[in-house]
Amino acid sequence: MEGGRASPPARHQEHTIATPRPRHRAARPLRALAALAAPALCAALAAGRPPAALPDASPAASRASASRTAPPAVPRSVPPTAYRTVAYRGHTFTVPADWQVVDLTADPAACVRFDRHAVYLGTPGERQDCPARATGRTESLWVRPATAERAAVTENRTARLFHATASAEGIAVTAPYREDRAVVEEVLRSAGLPVSAARTETVSAARTATGDGGAQSVPALPADATVYRGRGFDTCSAPGQKAMDAWRASSPYGAVGVYIGGVNRACAQPDLTDTWVRTQYTSGWRLLPLYVGPQPSAGAGSCADDCAAITDPASQGRAAAEDAVTQAAALGLGPGAVLYNDLEQYTPGAALTARVLGYLEAWTLRLHELGYRSGAYGSVSSLVADLVGNAARTTLPDVIHFAHWNDEAVTTDAALPAGLWSRGQRVHQYAGDRAETYGGTRISVDRDQLDVGAGA
(Lines give C-alpha, C1' and ligand atoms only; values in the text may rest on other atoms or scores of the structure.)
Protein backbone atom coordinates (compact mmCIF):
# COMPACT_ATOMS: atom_id res chain seq x y z
CA MET A 1 0.00 0.00 0.00
CA GLU A 2 1.07 3.54 -0.51
CA GLY A 3 0.72 6.33 1.99
CA GLY A 4 -1.03 9.20 0.27
CA ARG A 5 1.97 10.01 -1.88
CA ALA A 6 4.02 8.47 -4.65
CA SER A 7 4.50 4.87 -3.63
CA PRO A 8 7.95 3.66 -2.60
CA PRO A 9 10.05 1.70 -5.07
CA ALA A 10 9.18 -1.95 -5.25
CA ARG A 11 11.51 -4.16 -3.26
CA HIS A 12 12.69 -7.05 -5.37
CA GLN A 13 14.97 -9.08 -3.13
CA GLU A 14 14.86 -12.61 -4.47
CA HIS A 15 16.86 -15.80 -4.43
CA THR A 16 16.99 -17.60 -7.77
CA ILE A 17 18.51 -20.68 -9.28
CA ALA A 18 18.44 -19.62 -12.88
CA THR A 19 20.23 -16.52 -14.11
CA PRO A 20 17.68 -13.66 -13.90
CA ARG A 21 16.31 -12.54 -17.24
CA PRO A 22 14.33 -9.45 -18.17
CA ARG A 23 10.74 -9.61 -17.14
CA HIS A 24 8.27 -9.78 -20.02
CA ARG A 25 4.61 -8.93 -20.18
CA ALA A 26 3.55 -12.45 -21.10
CA ALA A 27 4.91 -15.36 -23.07
CA ARG A 28 2.28 -15.15 -25.80
CA PRO A 29 4.19 -17.32 -28.31
CA LEU A 30 3.62 -20.29 -26.01
CA ARG A 31 0.03 -20.33 -27.19
CA ALA A 32 1.19 -21.83 -30.44
CA LEU A 33 2.12 -24.99 -28.52
CA ALA A 34 -1.50 -25.67 -27.66
CA ALA A 35 -1.84 -27.87 -30.72
CA LEU A 36 0.85 -30.24 -29.47
CA ALA A 37 -0.19 -33.05 -27.17
CA ALA A 38 1.77 -33.16 -23.90
CA PRO A 39 3.76 -36.30 -24.82
CA ALA A 40 4.80 -34.85 -28.17
CA LEU A 41 5.78 -31.60 -26.51
CA CYS A 42 7.95 -33.35 -23.95
CA ALA A 43 9.59 -35.41 -26.70
CA ALA A 44 10.34 -32.26 -28.69
CA LEU A 45 11.89 -30.61 -25.66
CA ALA A 46 13.90 -33.71 -24.83
CA ALA A 47 15.83 -33.19 -28.06
CA GLY A 48 17.69 -30.30 -26.42
CA ARG A 49 20.75 -30.62 -24.24
CA PRO A 50 20.43 -32.70 -21.03
CA PRO A 51 18.92 -30.88 -18.05
CA ALA A 52 21.25 -29.48 -15.43
CA ALA A 53 20.46 -30.85 -12.00
CA LEU A 54 19.39 -28.45 -9.29
CA PRO A 55 19.68 -28.98 -5.53
CA ASP A 56 17.39 -31.50 -3.88
CA ALA A 57 13.91 -30.06 -3.45
CA SER A 58 13.00 -32.32 -0.53
CA PRO A 59 14.73 -34.56 2.03
CA ALA A 60 13.15 -37.51 0.25
CA ALA A 61 15.44 -36.84 -2.70
CA SER A 62 12.69 -35.50 -4.93
CA ARG A 63 14.75 -33.43 -7.32
CA ALA A 64 14.03 -30.20 -9.15
CA SER A 65 15.65 -29.86 -12.55
CA ALA A 66 15.60 -27.38 -15.41
CA SER A 67 17.01 -27.15 -18.90
CA ARG A 68 17.01 -24.42 -21.50
CA THR A 69 16.01 -25.79 -24.89
CA ALA A 70 15.21 -24.67 -28.39
CA PRO A 71 11.43 -24.37 -28.90
CA PRO A 72 9.47 -26.92 -30.88
CA ALA A 73 8.51 -26.00 -34.42
CA VAL A 74 6.01 -23.13 -34.45
CA PRO A 75 4.36 -21.14 -37.23
CA ARG A 76 6.63 -18.59 -38.90
CA SER A 77 4.45 -15.76 -37.67
CA VAL A 78 5.46 -16.56 -34.09
CA PRO A 79 8.91 -15.27 -33.01
CA PRO A 80 11.37 -17.91 -31.80
CA THR A 81 11.18 -18.36 -28.05
CA ALA A 82 13.16 -20.57 -25.64
CA TYR A 83 11.53 -22.88 -23.14
CA ARG A 84 12.76 -24.95 -20.25
CA THR A 85 11.49 -27.99 -18.41
CA VAL A 86 11.22 -27.93 -14.64
CA ALA A 87 10.83 -31.25 -12.84
CA TYR A 88 9.59 -31.59 -9.26
CA ARG A 89 8.56 -34.76 -7.37
CA GLY A 90 8.07 -36.74 -10.55
CA HIS A 91 6.12 -34.05 -12.42
CA THR A 92 7.57 -32.07 -15.33
CA PHE A 93 6.40 -28.60 -16.32
CA THR A 94 7.29 -26.74 -19.52
CA VAL A 95 7.65 -23.00 -18.89
CA PRO A 96 9.04 -19.98 -20.77
CA ALA A 97 12.81 -19.89 -20.39
CA ASP A 98 12.94 -16.44 -18.86
CA TRP A 99 10.79 -17.41 -15.89
CA GLN A 100 13.10 -17.49 -12.88
CA VAL A 101 13.28 -20.75 -10.96
CA VAL A 102 13.41 -20.43 -7.17
CA ASP A 103 14.24 -23.49 -5.06
CA LEU A 104 12.69 -22.78 -1.67
CA THR A 105 14.61 -25.60 -0.01
CA ALA A 106 17.89 -23.94 -0.99
CA ASP A 107 16.52 -20.44 -0.27
CA PRO A 108 13.80 -20.78 2.38
CA ALA A 109 13.68 -17.02 2.99
CA ALA A 110 12.68 -16.26 -0.61
CA CYS A 111 9.29 -14.59 -0.85
CA VAL A 112 6.74 -16.36 -3.05
CA ARG A 113 5.34 -13.54 -5.19
CA PHE A 114 2.95 -13.57 -8.10
CA ASP A 115 3.79 -10.13 -9.52
CA ARG A 116 6.71 -11.55 -11.53
CA HIS A 117 7.27 -14.45 -13.92
CA ALA A 118 8.76 -17.18 -11.75
CA VAL A 119 8.53 -20.85 -10.79
CA TYR A 120 8.70 -21.51 -7.04
CA LEU A 121 9.51 -25.06 -5.94
CA GLY A 122 8.84 -26.27 -2.42
CA THR A 123 7.54 -24.72 0.79
CA PRO A 124 8.95 -21.41 2.03
CA GLY A 125 10.58 -21.24 5.42
CA GLU A 126 9.25 -19.75 8.63
CA ARG A 127 10.80 -16.37 7.86
CA GLN A 128 9.96 -15.36 4.30
CA ASP A 129 11.78 -12.16 3.39
CA CYS A 130 8.70 -10.43 1.97
CA PRO A 131 8.19 -6.69 1.55
CA ALA A 132 5.63 -4.80 3.59
CA ARG A 133 3.38 -4.94 0.57
CA ALA A 134 3.28 -5.75 -3.11
CA THR A 135 0.49 -5.27 -5.62
CA GLY A 136 -0.11 -6.81 -9.02
CA ARG A 137 -0.35 -10.11 -10.78
CA THR A 138 1.22 -11.93 -13.72
CA GLU A 139 1.65 -15.50 -14.91
CA SER A 140 3.67 -17.65 -12.49
CA LEU A 141 3.78 -21.05 -10.79
CA TRP A 142 4.17 -22.35 -7.23
CA VAL A 143 4.59 -26.11 -6.82
CA ARG A 144 4.93 -27.72 -3.40
CA PRO A 145 4.55 -31.10 -1.66
CA ALA A 146 1.02 -32.16 -0.76
CA THR A 147 -1.01 -35.27 -0.10
CA ALA A 148 -3.07 -35.94 -3.22
CA GLU A 149 -4.84 -39.04 -4.47
CA ARG A 150 -5.55 -37.81 -7.98
CA ALA A 151 -4.94 -35.08 -10.50
CA ALA A 152 -7.53 -32.31 -10.32
CA VAL A 153 -7.76 -28.64 -11.31
CA THR A 154 -10.00 -25.83 -10.08
CA GLU A 155 -10.11 -22.22 -11.20
CA ASN A 156 -11.15 -19.04 -9.44
CA ARG A 157 -12.15 -16.79 -12.34
CA THR A 158 -12.59 -13.72 -10.12
CA ALA A 159 -9.09 -14.00 -8.65
CA ARG A 160 -7.63 -15.39 -11.92
CA LEU A 161 -6.06 -18.33 -10.17
CA PHE A 162 -5.72 -22.05 -10.92
CA HIS A 163 -5.26 -24.58 -8.14
CA ALA A 164 -4.23 -28.12 -8.94
CA THR A 165 -3.24 -31.36 -7.25
CA ALA A 166 -1.56 -34.47 -8.60
CA SER A 167 -0.60 -37.84 -7.17
CA ALA A 168 2.71 -39.69 -7.80
CA GLU A 169 4.76 -38.20 -4.95
CA GLY A 170 1.98 -35.68 -4.39
CA ILE A 171 1.99 -31.98 -5.26
CA ALA A 172 -0.20 -28.90 -4.96
CA VAL A 173 0.06 -26.18 -7.58
CA THR A 174 -0.98 -22.54 -7.50
CA ALA A 175 -0.90 -20.87 -10.90
CA PRO A 176 -2.07 -17.24 -11.14
CA TYR A 177 -2.44 -15.25 -14.33
CA ARG A 178 -3.18 -11.70 -15.38
CA GLU A 179 -3.90 -11.56 -19.12
CA ASP A 180 -2.41 -14.77 -20.52
CA ARG A 181 -4.65 -17.44 -19.08
CA ALA A 182 -3.72 -19.67 -22.04
CA VAL A 183 -0.04 -19.62 -21.09
CA VAL A 184 -0.82 -20.94 -17.61
CA GLU A 185 -3.21 -23.53 -19.02
CA GLU A 186 -0.45 -24.84 -21.26
CA VAL A 187 2.07 -24.94 -18.41
CA LEU A 188 -0.33 -27.04 -16.35
CA ARG A 189 -1.24 -29.22 -19.33
CA SER A 190 2.44 -29.91 -19.98
CA ALA A 191 2.58 -31.69 -16.60
CA GLY A 192 -0.45 -33.82 -17.47
CA LEU A 193 -2.84 -31.87 -15.25
CA PRO A 194 -6.47 -32.04 -16.50
CA VAL A 195 -6.97 -28.36 -17.32
CA SER A 196 -9.76 -29.06 -19.81
CA ALA A 197 -11.79 -30.59 -16.98
CA ALA A 198 -11.08 -27.77 -14.52
CA ARG A 199 -13.89 -27.11 -12.08
CA THR A 200 -14.86 -23.47 -11.58
CA GLU A 201 -14.71 -22.48 -7.94
CA THR A 202 -18.06 -21.18 -6.75
CA VAL A 203 -18.95 -18.69 -4.05
CA SER A 204 -19.40 -20.74 -0.91
CA ALA A 205 -18.88 -20.17 2.77
CA ALA A 206 -17.95 -23.83 3.26
CA ARG A 207 -14.66 -24.00 1.36
CA THR A 208 -11.28 -24.20 3.04
CA ALA A 209 -8.57 -21.61 2.48
CA THR A 210 -5.88 -24.12 1.61
CA GLY A 211 -6.08 -23.17 -2.07
CA ASP A 212 -6.30 -26.80 -3.10
CA GLY A 213 -10.01 -27.25 -3.61
CA GLY A 214 -10.71 -29.07 -0.37
CA ALA A 215 -14.10 -28.63 1.27
CA GLN A 216 -15.04 -28.53 4.92
CA SER A 217 -17.09 -26.35 7.20
CA VAL A 218 -15.02 -23.73 9.06
CA PRO A 219 -16.58 -22.51 12.34
CA ALA A 220 -16.82 -18.73 12.53
CA LEU A 221 -14.81 -16.79 15.07
CA PRO A 222 -16.57 -14.46 17.51
CA ALA A 223 -17.84 -11.20 16.03
CA ASP A 224 -15.06 -9.13 17.59
CA ALA A 225 -12.36 -10.74 15.40
CA THR A 226 -12.07 -7.54 13.32
CA VAL A 227 -12.81 -5.10 16.17
CA TYR A 228 -9.85 -3.32 17.74
CA ARG A 229 -8.66 0.01 19.12
CA GLY A 230 -4.91 0.48 19.18
CA ARG A 231 -1.84 -0.11 17.05
CA GLY A 232 -1.60 -2.69 14.29
CA PHE A 233 0.52 -3.62 11.30
CA ASP A 234 0.02 -5.15 7.88
CA THR A 235 2.50 -7.05 5.76
CA CYS A 236 2.48 -8.76 2.38
CA SER A 237 2.48 -12.38 3.54
CA ALA A 238 1.04 -13.59 6.83
CA PRO A 239 4.02 -14.24 9.17
CA GLY A 240 4.77 -17.70 10.51
CA GLN A 241 3.63 -18.72 13.97
CA LYS A 242 7.00 -18.20 15.66
CA ALA A 243 7.10 -14.65 14.34
CA MET A 244 3.54 -13.96 15.48
CA ASP A 245 4.29 -15.31 18.96
CA ALA A 246 7.46 -13.24 19.23
CA TRP A 247 5.67 -10.08 18.17
CA ARG A 248 2.71 -10.76 20.45
CA ALA A 249 5.08 -10.93 23.42
CA SER A 250 7.33 -7.98 22.54
CA SER A 251 5.75 -5.58 20.04
CA PRO A 252 3.33 -2.70 20.66
CA TYR A 253 0.88 -4.17 18.12
CA GLY A 254 -2.39 -5.95 18.77
CA ALA A 255 -3.88 -6.22 15.27
CA VAL A 256 -2.48 -7.76 12.10
CA GLY A 257 -3.47 -6.99 8.53
CA VAL A 258 -3.65 -10.04 6.26
CA TYR A 259 -4.29 -10.21 2.52
CA ILE A 260 -7.11 -12.72 2.15
CA GLY A 261 -7.46 -12.64 -1.65
CA GLY A 262 -8.08 -10.69 -4.81
CA VAL A 263 -6.91 -10.65 -8.41
CA ASN A 264 -4.06 -8.25 -7.51
CA ARG A 265 -2.82 -9.96 -4.35
CA ALA A 266 0.87 -10.38 -5.15
CA CYS A 267 2.20 -12.45 -2.25
CA ALA A 268 1.36 -16.09 -1.72
CA GLN A 269 0.02 -16.99 1.70
CA PRO A 270 1.51 -20.34 2.78
CA ASP A 271 0.66 -19.73 6.44
CA LEU A 272 -2.76 -18.11 6.06
CA THR A 273 -5.26 -20.85 6.94
CA ASP A 274 -8.28 -21.02 9.22
CA THR A 275 -6.05 -22.66 11.85
CA TRP A 276 -3.56 -19.76 11.66
CA VAL A 277 -6.37 -17.19 12.00
CA ARG A 278 -7.96 -18.97 14.95
CA THR A 279 -4.60 -19.34 16.68
CA GLN A 280 -3.89 -15.62 16.37
CA TYR A 281 -7.35 -14.73 17.65
CA THR A 282 -6.95 -17.03 20.64
CA SER A 283 -3.56 -15.46 21.34
CA GLY A 284 -5.16 -12.02 21.51
CA TRP A 285 -4.55 -10.71 18.01
CA ARG A 286 -7.34 -9.04 16.06
CA LEU A 287 -7.58 -9.08 12.26
CA LEU A 288 -7.57 -6.49 9.47
CA PRO A 289 -8.66 -8.56 6.40
CA LEU A 290 -7.53 -6.93 3.14
CA TYR A 291 -8.78 -7.86 -0.33
CA VAL A 292 -6.84 -6.63 -3.38
CA GLY A 293 -9.38 -6.60 -6.19
CA PRO A 294 -9.32 -4.73 -9.52
CA GLN A 295 -7.54 -1.39 -9.31
CA PRO A 296 -8.49 2.08 -10.61
CA SER A 297 -5.94 1.55 -13.38
CA ALA A 298 -3.19 -0.91 -14.32
CA GLY A 299 -0.59 1.53 -12.99
CA ALA A 300 -2.37 2.71 -9.83
CA GLY A 301 -0.16 3.25 -6.79
CA SER A 302 2.64 0.71 -6.74
CA CYS A 303 1.11 -1.51 -9.43
CA ALA A 304 3.86 -0.72 -11.99
CA ASP A 305 1.34 -1.39 -14.80
CA ASP A 306 0.86 -4.95 -13.54
CA CYS A 307 -2.60 -4.67 -12.01
CA ALA A 308 -5.89 -5.88 -13.38
CA ALA A 309 -8.05 -2.77 -13.65
CA ILE A 310 -11.68 -1.88 -13.06
CA THR A 311 -13.48 -2.04 -16.40
CA ASP A 312 -17.03 -3.05 -15.40
CA PRO A 313 -17.53 -1.42 -11.98
CA ALA A 314 -20.85 -2.86 -10.84
CA SER A 315 -20.17 -6.43 -11.98
CA GLN A 316 -16.60 -6.48 -10.69
CA GLY A 317 -17.56 -4.91 -7.37
CA ARG A 318 -20.18 -7.57 -6.71
CA ALA A 319 -17.87 -10.38 -7.81
CA ALA A 320 -15.08 -9.07 -5.58
CA ALA A 321 -17.42 -8.94 -2.59
CA GLU A 322 -18.61 -12.49 -3.19
CA ASP A 323 -15.07 -13.81 -3.55
CA ALA A 324 -13.91 -11.87 -0.48
CA VAL A 325 -16.73 -13.42 1.57
CA THR A 326 -15.77 -16.88 0.32
CA GLN A 327 -12.15 -16.37 1.35
CA ALA A 328 -13.07 -14.75 4.67
CA ALA A 329 -15.54 -17.47 5.63
CA ALA A 330 -12.95 -20.11 4.77
CA LEU A 331 -10.65 -18.45 7.29
CA GLY A 332 -13.31 -18.39 9.99
CA LEU A 333 -14.29 -14.74 9.56
CA GLY A 334 -18.05 -14.83 9.55
CA PRO A 335 -20.88 -12.31 9.08
CA GLY A 336 -20.29 -9.04 10.89
CA ALA A 337 -16.58 -9.00 10.07
CA VAL A 338 -15.16 -5.95 8.30
CA LEU A 339 -13.56 -6.76 4.92
CA TYR A 340 -11.35 -4.04 3.41
CA ASN A 341 -11.06 -3.45 -0.34
CA ASP A 342 -7.55 -2.19 -1.18
CA LEU A 343 -7.67 0.56 -3.84
CA GLU A 344 -4.24 1.94 -4.66
CA GLN A 345 -3.52 5.62 -5.23
CA TYR A 346 -4.84 7.22 -8.42
CA THR A 347 -5.51 10.69 -9.85
CA PRO A 348 -9.20 11.55 -9.36
CA GLY A 349 -11.08 12.62 -12.46
CA ALA A 350 -14.58 12.44 -13.88
CA ALA A 351 -14.39 9.04 -15.59
CA LEU A 352 -11.95 7.43 -13.16
CA THR A 353 -13.78 8.72 -10.11
CA ALA A 354 -17.09 7.36 -11.43
CA ARG A 355 -15.47 3.99 -12.10
CA VAL A 356 -13.98 3.72 -8.61
CA LEU A 357 -17.13 4.88 -6.82
CA GLY A 358 -19.34 2.53 -8.84
CA TYR A 359 -17.06 -0.42 -8.06
CA LEU A 360 -16.83 0.36 -4.36
CA GLU A 361 -20.57 0.96 -4.00
CA ALA A 362 -21.29 -2.42 -5.59
CA TRP A 363 -18.74 -3.98 -3.22
CA THR A 364 -20.40 -2.40 -0.20
CA LEU A 365 -23.97 -3.25 -1.15
CA ARG A 366 -23.13 -6.88 -1.89
CA LEU A 367 -21.21 -7.29 1.37
CA HIS A 368 -24.24 -5.95 3.23
CA GLU A 369 -26.46 -8.48 1.47
CA LEU A 370 -24.10 -11.23 2.61
CA GLY A 371 -24.03 -9.99 6.20
CA TYR A 372 -20.55 -8.45 6.25
CA ARG A 373 -19.35 -4.92 6.89
CA SER A 374 -17.60 -2.98 4.18
CA GLY A 375 -14.17 -1.46 4.59
CA ALA A 376 -12.12 0.43 2.03
CA TYR A 377 -8.43 1.30 1.93
CA GLY A 378 -7.15 4.26 -0.03
CA SER A 379 -5.04 7.38 -0.02
CA VAL A 380 -6.33 10.64 1.42
CA SER A 381 -5.47 12.26 -1.91
CA SER A 382 -7.49 9.87 -4.07
CA LEU A 383 -10.09 7.47 -2.66
CA VAL A 384 -10.79 9.48 0.49
CA ALA A 385 -11.09 12.70 -1.50
CA ASP A 386 -13.54 11.06 -3.90
CA LEU A 387 -15.66 9.51 -1.13
CA VAL A 388 -15.84 12.73 0.86
CA GLY A 389 -16.63 14.77 -2.23
CA ASN A 390 -19.44 12.40 -3.24
CA ALA A 391 -20.71 11.37 0.19
CA ALA A 392 -24.27 12.45 -0.62
CA ARG A 393 -24.34 10.58 -3.94
CA THR A 394 -22.85 7.17 -3.14
CA THR A 395 -23.07 4.40 -0.56
CA LEU A 396 -20.09 4.87 1.73
CA PRO A 397 -18.12 1.95 3.18
CA ASP A 398 -18.74 1.28 6.87
CA VAL A 399 -15.07 1.69 7.82
CA ILE A 400 -12.40 3.80 6.11
CA HIS A 401 -8.76 2.68 6.12
CA PHE A 402 -6.96 5.82 5.03
CA ALA A 403 -3.32 6.10 4.05
CA HIS A 404 -1.39 9.20 5.08
CA TRP A 405 2.22 8.52 5.99
CA ASN A 406 2.70 11.38 8.43
CA ASP A 407 3.98 9.24 11.33
CA GLU A 408 1.06 10.33 13.50
CA ALA A 409 -0.59 7.38 15.22
CA VAL A 410 -4.06 8.96 15.35
CA THR A 411 -7.30 8.38 13.47
CA THR A 412 -8.07 12.03 12.78
CA ASP A 413 -7.00 13.78 9.60
CA ALA A 414 -7.75 17.08 7.88
CA ALA A 415 -9.06 15.10 4.89
CA LEU A 416 -11.78 13.46 7.02
CA PRO A 417 -14.80 15.54 8.10
CA ALA A 418 -15.71 15.07 11.73
CA GLY A 419 -19.12 13.71 10.78
CA LEU A 420 -17.89 10.85 8.59
CA TRP A 421 -16.67 7.50 9.92
CA SER A 422 -16.57 9.01 13.39
CA ARG A 423 -17.98 6.17 15.52
CA GLY A 424 -15.29 3.53 15.64
CA GLN A 425 -15.02 3.43 11.85
CA ARG A 426 -11.43 4.43 11.07
CA VAL A 427 -8.00 2.92 10.48
CA HIS A 428 -5.03 5.18 9.75
CA GLN A 429 -2.02 3.74 7.94
CA TYR A 430 0.43 6.30 9.26
CA ALA A 431 3.78 4.84 8.17
CA GLY A 432 4.94 2.37 5.56
CA ASP A 433 7.81 0.17 4.52
CA ARG A 434 9.35 -0.10 7.97
CA ALA A 435 11.54 -3.05 8.94
CA GLU A 436 11.01 -3.79 12.64
CA THR A 437 12.41 -6.44 14.94
CA TYR A 438 10.73 -7.80 18.07
CA GLY A 439 11.67 -10.93 19.94
CA GLY A 440 14.53 -11.43 17.50
CA THR A 441 12.16 -11.57 14.49
CA ARG A 442 12.34 -8.99 11.71
CA ILE A 443 9.30 -8.18 9.55
CA SER A 444 8.77 -5.43 6.97
CA VAL A 445 5.49 -3.71 7.82
CA ASP A 446 3.17 -0.80 7.32
CA ARG A 447 1.98 0.74 10.59
CA ASP A 448 -1.69 1.28 11.42
CA GLN A 449 -3.69 2.95 14.15
CA LEU A 450 -7.13 1.35 14.50
CA ASP A 451 -10.37 2.61 15.96
CA VAL A 452 -12.81 -0.06 14.80
CA GLY A 453 -15.86 -0.76 16.90
CA ALA A 454 -18.52 -3.44 16.71
CA GLY A 455 -20.81 -1.35 14.51
CA ALA A 456 -24.58 -1.22 14.54
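**A strand and its partners**

Author: Happy to. In this predicted model, strands β8 (residues 152–156) and β9 (residues 161–166) pair in the antiparallel sense, over five bridges.

Reader: Which residue of β9 is the bridge partner of threonine 154?

Author: Histidine 163 in β9 takes that place.

Reader: In which sense do β8 and β11 pair, parallel or antiparallel?

Author: Parallel: β8 and strand β11 (residues 199–200) are joined over two bridges. There, glutamate 155 stands opposite threonine 200 of β11.

Reader: Let's zoom in on threonine 154. Why does it count as buried?

Author: Threonine 154 counts as buried because its relative accessible area is 7%, and the cut-off for buried is under 20%.

Reader: Which side chain makes a polar contact with the side chain of threonine 154?

Author: That of glutamate 201, at 3.0 Å. Leaving aside residues up to four places away in sequence, threonine 154 touches Leu161, Phe162, His163, Arg199 and Glu201.

Reader: Nice. Switching topic: which strands close into a barrel?

Author: Eight strands do, in the order β12-β13-β14-β15-β16-β17-β18-β19, with mixed pairing. From one strand to the next, the twist averages 35 degrees.

Reader: Can you pick one pair from it? How do β15 and β16 run, and how many bridges join them?

Author: Strand β15 (residues 338–342) and strand β16 (residues 373–379) run parallel, joined by five bridges. Leucine 339 stands opposite serine 374 in β16.

Reader: Which helix packs on the sheet there, touching β14, β15 and β16?

Author: Helix α6 (residues 350–369) does, and its direction makes about 155 degrees with that of β16.

Reader: What about helix α3, which strands does it lie across?

Author: Helix α3 (residues 241–250) lies across β12 (228–234), β13 (255–261), β18 (425–438) and β19 (441–452). Its angle to β19 is about 60 degrees.

Notes
Residues are numbered from 1 along each chain as its sequence is written. This is a predicted model: local features need pLDDT of at least 70, side-chain atom pairs count only at pLDDT 80 or more; totals for chains, interfaces and linings use all residues. Side-chain values use heavy atoms; hydrogens and water are left out. Buried means under 20% relative accessible area, exposed over 50%, partly exposed in between (1.4 Å probe, protein chains only). Helices (H or I, at least four residues) and strands (E, at least two) are DSSP runs, numbered from the N terminus. Two strands pair if DSSP finds at least two bridges between them. Axes are lines fitted to C-alpha atoms, for helices over the stretch in contact, and angles run from 0 to 180 degrees between N-to-C directions. Contact means heavy atoms within 4.5 Å. A polar contact is a pair of N or O atoms within 3.5 Å; within protein, one must be able to donate a hydrogen and the other to accept it, and residues adjacent in sequence count only if both atoms are side-chain atoms.
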